[in-house]
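Student: I am new to this structure. Could you take a close look at one part, the places where chains and domains touch, and walk me through them?

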Amino acid sequence: MNFIPNSSVKPLMLKTLRLDKIEDLFLDIPQKIKIKNLNLSDGLSQQDTEKKLRKIAAKNKSYNDFLSFLGGGIKPHYIPAVVKSITSRSEFYTAYTPYQSEASQGFLQAMFEYQSMIAEITGMDVANCSLYDGITSLSEAALMCTRITKKKTFIIPCNISWEKKVVLTNYAKGPGIKIKEISYNDKTGKIDIDDLNKKIDDDTAGVYLENPNFFGIFEDDINKINKIVKDAGSIFVVGIDPVSLGITKSPGEYGADIVIGEGRALGNQMNFGGSSLGIFACKNEFLRQMPGRIIGITTDSDGKRAFCMTLQTREQHIRRAKATSNICTNEGLCALAAVVYISWLGSEGFFNLSKTNFENGQKLAKLIDSLSGFKLRFNGTHFNEFVVEGSIDPKKLNKRLLQKEIQGGISLDDFYPELKNCMLIGTSEIHSDEDFERFASTLKEVSNV
Amino acid sequence: MYKSATYDEPLLNELVISKKEKKNLYTKLPDSLQRKKNIDIPDLDETQIVRHFHRLSQMNYGIDSGIYPLGSCTMKYNPKICEEIASWERFTGTHPCQDISTIQGNLQIMFELERMLCEITGMDYFSLQPAAGAHGEFLGMMLTRAYHEDRNEGFRDEVILPDTSHGTNPASVTVAGYKLIEIPSNKDGTVDLDVLKNTLSEKTACFMLTNPNTLGIFESDILKISKMVHDAGALLYYDGANINAIMGKARPGDMGFDIVHLNLHKTFATPHGGGGPGGGPVGVKIKLEKFLPIPRIGKTKEGKYIFDYDAPESIGKIRAYYGNFSVLLKAYIYILMMGGNGLREASEIAVLNSNYMKKKILDSNLYEMPFKELRKHEFVLSCEKLKQEKGIRAMDIAKRLLDYGFHPPTIYFPLIVKEALMIEPPETESKEDLDRYVDALIKIAKENPEIVKASPNNTSVKRVDEVNASKNLVLTWKKV
């Protein structure tokens, strides 16, 4: 192993310390708990390591090895080569938190640009430079709502992913936040506004709306919902898929106070679900309660423009127990990928991406809806995911599809017993018309077995 | 030595662009949701974008630029082979909900990594879910609560930690809803057993400890501490930020710790990414196993890897899916290459580097080091004497180090050392670099204080006015 240069000059260094052996440096560890060695294999050479990993990798299939229509908030998107080219620059990826701004101007400026772009697409005043993922962003938003309003209830639609609910419940335990769920409309797939009206009260710190929601459906009664939330003196939290924001209004335009979301789709690989990118943006008035790192502009001693971390008194390394969050290590490199990706898209590319995702969603849904034995479960307008109801168990269907080198969608009845035989299907700009045709004809074929 | 490039690089939105016509944004969306205004992002050419970010990268210091001895951050070299393999499409292009037969490689890696981490720490089981160290601490607090509630001792609502603890510790404790009790260290800079004894009670849920602690001192009384904590019915939590000091020498599990978090981006050489992503796996003793997050990764008799969701007493989840897989993969590769002996060698040389540097600096009599002499992988100097005599502060020394082409250490932490310089020279640094760093510290202490206070001068910007940044907030380019 050659990552340890001083192995060869050990005696010389020990001599400086007037010590005989390395063990003398470990005399402070009680003998009773000392071990001689670890029961792990001997180290492998780089060449052998690569060989071993090739074998392991061969047991996986990537989205390019078969045709996949999985969604659930995570889908393959096309990533231009420029993203990897920039994020592979080791000045970026081998750096850490920019505590020393004078040696970190590059990363700081890139994060400032990331914040600016996220604020622009979400219609918020400010954004932080990342939380772990979309789910922890939602949890942090709930905590932030209770800090701001001093109220203790947080309302969520019942049709968000089960993982979101479980994680939120864990984060809610500390401050003792009560989570209330509102139901969805069985026909449209949108949230039930009457139910929201019934459940919102004086103790409601915040209301969460997902747009598009977990079923892929756009919530378009946004003005009505916003009014209900604001009339109750609550904070309006909106969860987004950033890809949709090229064609939809920004949440800021329809009243959101805090916008959160999973930002992986912005230039980051699926990576089996991690790493990810927690988007978090809010209005100016709530800035001081925001979790996470924020970069600001200032000047250096010559009056030249410079960047640095700011509002650090919200953060754990300064404020310790009184910090707005315990986050330290975040998802900086994923935010860098996002800012490179968005600049590559530009305003026009962003719109086109969003439109293609919308149109592909419509196209595929229409095609499947036309097959006998399948129909769209909800009639609300959807983005690039949608729920299809078939006549057999989706798990069974997926096994048959897999034999034809196709990965079907997520089976929903484990989480929503009322959605029997329903499957959540996702597409994006990576699919072609031929892919759709193949999926539809195979669906037809395997459901007739 | 590193020398930063200097560009007056405009913001992306300030780059000169050829104006494009505004697009008609009409789609078949419901009108209430239809975007009417073009997104205000510049339309640039790829060349412009590449040059922009390329220049930015040249104004940024990473481990590949030189020594980066941030205390408690373990900034070790990140092997290129790990990056290379982790970028293979068979890993990056996998969806977390794919059929189990198509992700056997990923599951094998996670399964084996869990076993490796158990061996390194002496714990029984691991969860790979946490995205960072602080996230692992949060999970640790969730597990602590589940454990006590299960024993009908949910009334335990206090968590104790020493005043030398990392900032994330107290923050995680309060985020999880526990009352925080911070106890002062003794004159050796370690846990004061009498104070701990008097603080432990039937209200104590957990004692959080970093060992070696943030001063780089090994808590030699750890077995006594462990007994006291357990006798009080509480759990003992290990902040693994400093485990690079003791791999293959001693294990937190054998010391009596019940919960352990590791930082893969520190000890296991995965890159820090300018802030993240990281990995903060959590290991537990068997008595806490049933509370670990779902899904657990299992292996059938036939050798097939599976997700196991059947854990009725699990705390559930703390993030989406299974953890930062790309980071787990790099740590797995690193451990494979190092092997057990390589990891022990890493710890031994990290400790040797740290004591070597410490000795050479202290021999100069220019800096002081309060508390015990023998240190592990890091040590904390005080610049108080320089401040009194020459008016130079730790901040000034940090900035002046940049002029010498080095990344400064962590400063002003831990809080019990005045004008602290917290230095961690990992095993991947050469003696020559350590010597150069020591020389720079000595030279700076002898320099004209005015020069030191006016530094840095060799960086892309001079000393940055952080106070102004928070007084006059400019957080997006709209405000520029």
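Tutor: What follows goes from the domains of one chain to the contact between chains. The model is predicted.

Chain A is split into domain 1 (5-57), domain 2 (67-78 + 346-447) and domain 3 (81-341). Between the C-alpha centres of domain 2 of chain A and domain 3 of chain A there are 27 Å. Where these two domains meet, 23 residues of domain 2 of chain A are in contact with 24 residues of domain 3 of chain A. On the side of domain 2 of chain A that touches domain 3 of chain A, helix 11 and strand 12 (385-389) of chain A each supply at least two residues. Helix 11 of chain A gives the most to that side, seven residues. Sorted by class, that side holds eleven nonpolar, ten polar and two charged residues.

Chain B, for its part, is assigned domain 1 (81-337) and domain 2 (345-467). The centres of domain 1 of chain B and domain 2 of chain B, taken over C-alpha atoms, are 30 Å apart. Their contact involves 18 residues from domain 1 of chain B and 17 residues from domain 2 of chain B. On the side of domain 1 of chain B that touches domain 2 of chain B, seven residues are nonpolar, eight polar and three charged.

Key. Residues numbered from 1 in each chain as written. Chains lettered and ligands numbered in written order. Predicted model: local features only at pLDDT ≥ 70, side-chain atom pairs only at ≥ 80, totals over all residues. Domains from an automatic or database assignment. Contact = placed C-beta atoms within 7 Å. Nonpolar A, V, L, I, M, F, W, Y, C, P; charged D, E, K, R; others polar. Helix = DSSP H or I, 4+ residues; strand = E, 2+ residues; numbered from the N terminus.
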